[in-house]
Amino acid sequence: AISVGDWAFDECYELTTLKLGEKIKTIGDYAFYDCRILDNVTIPQSVTSIGDSAFAGCHNLDSVTINDAATSIGNRAFTECPLTTTLSLGKKITTIGDEAFYDCRGLTSVTIPPSVTSIGKKAFLQCIHLKTLSFGENIKTNIETIGDDAFYYCIELESVTIPQSVTSIGNDAFGQCHDLQSLTIKDAATSIGHRAFLGCTSLETISLGENIKTIGRWAFTGCSALTNVTIPKNVTTIESGTFKKCSK
């Protein structure tokens, strides 16, 4: 076989072990959807794409390894895999789809490979135990966009350095990240979306890149620990409520 078809093992509730052949190239949409007690997956080196909702609802999945041939992770591919504690992304991934790891509550650390060009909407939404997010600092990255709600409500995330390649940060991208203490946005970025860092109540330090032009509505509302902000010289628009309730 060279592919696992759409819905191939959908709702196989008793499936515990999965071993895929080394010639498999594609894993279809909903291929292992709601395989509730499947507990470990290694994506073979041959696989180039993982379909939409391919492993969504695999409630017992505690380890995911995606090898280096894969270039895309579909929308909702691993949504609601709450016990996924270990995530290894291959070096050729370019696209992380919308809601790809939504509600993977066991995740504590994620490294985004330099090959990634976009992180979809709600990609890591509500990963409530995610503490460490790395974009490969000091490595040339290709990522340009961080989608709306991408890391919303990652309440234990402690620090973020946005890579030099990122040009836009989506609406609500890091909203309600309550433990976020420091933020660095480098010079390629030109816009910060609406509510991008709303409710980051521990945020003490922000460094905004020199090419920021627009800071969206309520972008830093409720960042009550902020004591000092320097607005870059190229900013042309600070929208309504941007620093509301920054009480210090």
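Two strands pair if DSSP finds at least two bridges between them, and strands here are DSSP runs of E with at least two residues, numbered from the N terminus. With that in place, take strand β5: in β5, Val64 is the bridge partner of Val41.

Before going on, a word on the source. This is a predicted model, in which local features need pLDDT of at least 70, side-chain atom pairs count only at pLDDT 80 or more, and totals for chains, interfaces and linings use all residues. Residues are numbered from 1 along each chain as its sequence is written, and side-chain values use heavy atoms, with hydrogens and water left out.

Back to the strands. β3 and β5 (residues 63-66) run parallel and are joined by three bridges. Both belong to an open sheet of three strands, in the order β3-β5-β7, with parallel pairing. Which strands are at the edges? They are β3 (41-43) and β7 (86-88), each of which pairs on one side only. From one strand to the next the twist averages 5°; the axes behind that angle are lines fitted to C-alpha atoms, and angles run from 0 to 180 degrees between N-to-C directions.

Now β13, residues 159-162. Buried means under 20% relative accessible area, exposed means over 50%, and partly exposed is in between, using a 1.4 Å probe and protein chains only. β13 runs parallel to β15 (residues 182-185), and four bridges join them. Ser159 has Ser182 in β15 as its bridge partner.

Next, the aromatic rings. The structure holds 12 aromatic pairs. Rings of Phe, Tyr and Trp (its six-membered ring) pair if their centres lie within 6.5 Å; planes under 30 degrees apart count as stacked, over 60 as edge-to-face and the rest as tilted. Trp7 and Tyr30 are a stacked pair, at 4.1 Å centre to centre with 5° between the planes. Trp7 lies in the loop between β1 (3-4) and β2 (26-27), and Tyr30 in the loop between β2 and β3, so the pair ties together parts 23 residues apart in sequence. Trp7 is partly exposed, at 47% relative accessible area, and Tyr30 is partly exposed at 22%.

Phe78 and Phe101 also form a stacked pair, 5.3 Å centre to centre and 0° between the planes. Are these two residues buried or exposed? Phe78 is buried, and so is Phe101. Both also belong to one aromatic cluster, whose members include Phe55 and Phe124.
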